[in-house]
Amino acid sequence: MELKLYNSLTRQKQLFEPIDPKRVTMYACGPTVYNYVHIGNARPAVVFDTVYRVLKSLYPNVIYARNITDIDDKIINKSIELSQDINVITEKYSEAYFDDMQALNTLTPDHIPYATDHIPEMIDMVQTLVDKGHAYAADSQVEAEKGHVLFSVPSMPNYGELSKRNLDEQEAGARVEVAGYKQYAGDFVLWKPSTDSEPGWNSPWGRGRPGWHLECSAMIKKHLGDTIDIHAGGHDLVFPHHENEIAQSSCANDGKTLANFWMHNGFINIDGEKMSKSLGNFRLVNDLLQQYPGEVLRYVILSAHYRSEQNFSKDLLDSAWRTLDSLYGFIRGVKSVEAQLNRSGDAFKALLDDINTPVAISELYRLAKAVNQASGDKQTALMKELKGVADVLGLLQQDPEQWFTQARSDDQLSAEQVEQLIEARQQAKQDKDYAKADQVRQQLLDGGVILEDSREGTQWRRS
RNA sequence: GGCGCUGUAGCAAAGUGGUAAUGCAGUGGACUGCAACUCCGCCAUCGUCGGUUCGAUUCCGACCAGCGCCUCCA
């Protein structure tokens, strides 16, 4: 019963050993709430939710925190663009985020810290860093540049450990012009000044707001501690975000390690291309949920290993939906039972091996088939096991009957209409009027309803 | 230039030094009034070229083709 996780820090799979088995801590970077989240934002949420579920099945007390970044230049820009108060925007989109996450069957984290609720902690951390010589207030003659506090990268000998970067070999300013007030090109902002029209908080360096990297460091320290077990996020966050978090936290906490394990999920592309504003190919979770059940999205995300890149397409979603239909089909009609996780089963073993969800899903299928073939106590036992696996994956959480009969789009026949038509077809069949029976079945099919006859009667499902 | 990733059947996706899970699609058959569901079966030599080895898709090297990050970014 050993959990192995790939650790980005060491770049290899390692045995997971928590600092304190009675209090396992995990942090994942959450969204910046200035828009609806896209499917790429959903991947880490779903993946690390699954990690959370696996951990919960192994340890009695797992504390999972996923933040909300509610102060950021992107939000400020959106606020200006829409002439709306910043709080209106952050509230709207954080609510939308929670709705999306719920649709994806993610569990609510134990802590959902908001950046703006932790300004004092952030200021404290900046002050500590300044006091210890790891940060400095920028010196500039330009009025608008005053009030910046920067982290001094050269003050930290092993900066770059996570991303394995040697700063001297980076192309300084390759994409962004280096600000003149920086002592060193790699230095990054801890605190930046706000104009009167921008949101800001008073600090020893004047009215301003925190830098993005600082937020996570301060919130982790407050809610989870100086050193946590797992820190997770998207692959693109390795540098600079996570590297900078390490720098801040480690230097502020007397050199303590920020996180023992770093987990990073791969990117989601759309039809082979990266999601980007210029391509206009964002797939918002909110939009996808209009067309697909949340479980279909979750299934798609879990059908690939979390570290690999994944290509999203309509075919993939449609195929996933058919697969889930198939799984639900196997367990339809089986009485519901309490889940019972089989810890020595192959599915759980796969999850313990760096969260191998594709293999766990294939086991789900094997169990579903077995359930379908078995009967009596044997079937009940298999069904318990199946539910156990499904619960860790966060799949098959709906009642099968409901899964098949809920409306899938607007112009469908109602359940009552379907039942009536089935009745009519049944009568026609009894009358041996097969032409009529087939005609009714075709009518249902045209309405998106597929019939399944059996000895016990006729079941139906939406296609 | 630095760091790193990927290339497995029509699509998706695991995996292993001893000729490759699983799902979708397709297809042959059983079942069915006909279908659907279900069941039985079929459907790949793992980018290319070398090397190591008794044996490589799996290890090493080269090459080809994609791709990510290098201070907006899940």
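**Packing, up close**

Modeller: Domain 1 and domain 2 have their C-alpha centres 31 Å apart. Their contact (heavy atoms within 4.5 Å) draws 29 residues from domain 1 and 37 residues from domain 2. About 2800 Å² is buried between the two, with carbon and sulfur atoms giving 64%; that's accessible area (1.4 Å probe) lost on being put together, summed over both. This is a predicted model: local features need pLDDT of at least 70, side-chain atom pairs pLDDT 80 or more, while totals for chains, interfaces and linings use all residues. Residues count from 1 along each chain as written, chains are lettered from A and ligands numbered from 1 in written order, and side-chain values use heavy atoms, without hydrogens or water.

Chain A splits into domain 1 (4-265), domain 2 (269-404) and domain 3 (407-462), bounds from an automatic or database assignment.

Now the close-up. The axes (lines fitted to C-alpha atoms over the stretch in contact, angles 0 to 180 degrees between N-to-C directions) of α14 (415-430) and α15 (434-446) come within 7 Å, crossing at roughly 160°. So α14 runs roughly antiparallel to α15 (over 145 degrees). On the α14 side, Val-418, Leu-421, Ile-422, Arg-425, Ala-428 and Lys-429 make the contact; α15 answers with residues including Tyr-434, Val-440 and Leu-444.

Arg-11, not a glycine, has a positive phi of about 60° in the loop between β1 (4-7) and β2 (12-15).

How values were computed: Helix = DSSP H or I, 4+ residues; strand = E, 2+ residues; numbered from the N terminus. Parallel < 35°, antiparallel > 145°, perpendicular 65-115°, else oblique.
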